[in-house]
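The following report concerns a single protein chain.

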Amino acid sequence: MNPDRRSIVGLVLGSLGATSVEVRARSATAEPPGGGQARAEPGQTFASRKEATGASVAAGTGWIRIQGWSHAGDGGANGYFRVPAWPGHDAALRTADRWLPDGGHSDADGGWWDMDTPERLQQLGDASDGYASAWLRLESFLGAEARYGPANRDGVRTLLGGRACEIELPPTTIRIPRPLTFPLLLRGLYATSPATQLSPMPGATARTFGKRAAISINGDGRGDWIEAYPGMRAGRIGPLRWHNDLDIEWCGLEIGGPFLVERQHGWNMTQLVRVSGSYVDQVRIDGVTNQSPRVMPAGWAPSESAAISSAPIGDGLMWSNVHSSDRDEQGVEHIATLTRGNRGGINQLAINGRHHIVDSDAHLVQGGHFESGGLLVEDSNILVQSSIFFHMRATVVPPIATRARNAASGDVYRLAIEGCTFLLVGEHRGWRPGTRLVPDIDLAPGVRLDVRNARRSFSPAGTTAQRSEMGIIVARNGAIDQDWRSKAGAASLAGRIDVDGVVRLDLTVSCSGLSFTFAPRKHASARWNRPSGTYRYREMKLFDTRRMIGHFDRNGEISVSASAGAEGLLHVIAQVPQCTSRFLRASPGAAAGRYDQLCDVPFVSPGYPLDFGAHVNGFPYEPWFDGADRLAIPDFAGSVQFHGDTVTVRAAEVSADLTAPFAGVWTRGDTILFDSLPIDKAGRRRRGIQKVTKGPGNVAGVDWIPLFA
């Protein structure tokens, strides 16, 4: 046995406390445990198990050993000790004599030998049937050894004793004849050779296994897990390779206790690892590769077909380094992990696949890399941290989607996003001019969103270089949230959408004394898709693009000549500290100051927006017919605070006689505060003005009233 694995067994058994589990794992050359019987003679050695069964062993001999199962050196060497009767399992051996351990003789019960605790599958059978019979003997051996206490009211029985073992698998294809069930005495199952793979027995069909796992350890659906806390107390499974070469519906491993499951590789599997029982805690699954997953069969639940699925309730679960194929064999998005009822756990370093989180609280998704797939969050409170989500295909499913089944009853859930990137790759690949804008996150009713330091970025070469950076796009129940989008840059730095649907920002954004640099350049990865002509742009520094709260820059209008089909224009724009977004306006060949289209490009750091004619970095142009005069926002220098549907603007320098804003889409409750508290013509000190009516009116004394200090 691997020395590390011996130490693991010792730790595992130590966690049982006062239980009477006895471990007798030892090599074939070790002294026999004898079941309490002393060895009277040195013992005999046989070349094979068959040779031993035909031999008569002298009375008084309490221990023998065989050098192999079918022949010496085949890996089946082990020791056997004499017992007073058949030990109740199929791994026992009976020699031709009928002696008993105490020297007596019995035709009924004599000649029986129990095997020493096995360490290798070869000690239970040979390769003639792909070790299929060896599995059956191991199942019989551990089942007979397990001793349980009475069941509690939940039907869970406490394991009191038995011979625990860890089994190393031979370096070959190992056949599994039918669903196998083992008690928690199977503490470990692993292979040390990449040539080892587990496959169904030739001739097996989908009916042979049904929905049951090929190997189930304490996974009968009722529990039978050890009622002891805390720690990794059940054992370690892996590394293992699963290869479904019969192309049938086939599930790999089912565990019903707090195991460490590591380095599992599956090919053509319906399911790879299933955590069973009504409740389980502290399961750790680390290093799983799910290649070419099968289509979920009709009538199967996600818990029976996700690559990894948890029990209905589980605490402290940890999925790590799960790499799942992004599509099953028919191109349907595959569920990589299904986490249910987890309170305080983590899904980290995942690659691809859709990860479904249900009824969970304080769950962390960290360090994920999703070129496809993403997260489906249902009735859960989770934090998604330092993860990247790619937009690589034309799809209507956003990288992060949410569900809230009981929102109508007042249930509220929280999705928190921190330090995440949503990346548009190449020439948008699935994003072509005229295609629908797909959000990064879709919020269901009853779900609150909190965002910190998130961004949507575009990389024409598929790299992580920040060629552009903007706020993320959020939908509510499938429709783009225009209020969030209008202030996406600032909201993605520190913003939220409460369950009432109101966008709130917990920061002040300012745009004081800024200037832009603007210069067109060619870029080989983009093509100008609009007609040839002169295009005029004017940038606006905007806090809220939906309501045009902001102001024009001081550079004025810029003209750019572009040819249809030529390389796209790369606009290099300097950093705008804390400014949430800007507009680009274009009109081919039109007069100065007239713009018939716009593109909303939220922008919070230096970058390079790429113009594809109908899209700029994934944002489609929208018709805008009001012209430049409609957007003559006051060029105030100050700051803006958002309070749901209203804003407060702090103006550093303003005349005391200002009684209404020059232009803009203002709403009731909006306030412009005067920092300098100027004195008006009547000698009163003005604190600001506030809009008191709905609609577009901007009449002083009617729509706007003064605020006095």
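Asp 498 and Arg 504 form a salt bridge between their side chains, with an N to O distance of 2.6 Å; the term denotes a side-chain nitrogen of Lys or Arg within 4 Å of a carboxyl oxygen of Asp or Glu. Asp 498 is buried at a relative accessible area of 12%, whereas Arg 504 is partly exposed at 25%. Here buried means under 20% relative accessible area, exposed means over 50%, and partly exposed lies in between (1.4 Å probe, protein chains only). Both residues belong to a network of salt bridges that links Arg 414, Arg 448, Asp 450, Arg 496, Asp 498, Asp 500 and Arg 504.

The model is predicted: local features require pLDDT of at least 70 and side-chain atom pairs count only at pLDDT 80 or more, while totals for chains, interfaces and linings use all residues. Residues are numbered from 1 along each chain as its sequence is written, and side-chain values use heavy atoms, with hydrogens and water left out.

By the stated rule, the count of salt bridges is 24. Three of them are set out below.

| Pair | N to O distance |
|---|---|
| Asp 498 and Arg 504 | 2.6 Å |
| Arg 343 and Asp 315 | 2.8 Å |
| Arg 405 and Asp 379 | 2.4 Å |

The side chains of Arg 343 and Asp 315 meet in a salt bridge. Arg 343 is in strand β25 (residues 342–348) and Asp 315 in strand β22 (residues 313–315), so this pair ties together parts 28 residues apart in sequence. Arg 343 is partly exposed, at 47% relative accessibility, and Asp 315 is buried, at 19%.

Arg 405 and Asp 379 likewise meet in a salt bridge. Arg 405 lies in the loop between β32 (400–403) and β33 (413–418), and Asp 379 in the loop between β29 (374–378) and β30 (381–385); the pair therefore ties together parts that are 26 residues apart in sequence. Arg 405 has a relative accessible area of 48% and is partly exposed, while Asp 379 is buried at 5%.

The chain contains six helices and 59 strands, taken as DSSP runs numbered from the N terminus (helices: H or I, at least four residues; strands: E, at least two). Strands of a sheet pair through backbone hydrogen bonds, either parallel or antiparallel. Two strands count as paired if DSSP finds at least two bridges between them.

An open sheet of 12 strands has mixed pairing and the order β10-β13-β16-β18-β21-β24-β26-β29-β32-β35-β39-β40. At its edges stand β10 (180–182) and β40 (479–480), each with a single partner strand, so one side of each has no neighbour in the sheet. Within this sheet, β21 (residues 308–309) and β24 (residues 335–340) pair in the parallel sense over two bridges, and Ile 308 has Thr 337 in β24 as its bridge partner. Helix α3 (residues 132–145) lies across β10 and β13 (213–217) and runs at about 30° to β10.

Strands β2 (residues 63–66) and β3 (residues 78–82) run antiparallel and are joined by four bridges; Tyr 80 in β3 is the bridge partner of Ile 64.

For the chain of 709 residues, 56% are buried.

Methods
Contact = heavy atoms within 4.5 Å. Axes fitted to C-alpha atoms, helices over the stretch in contact; angles between N-to-C directions.
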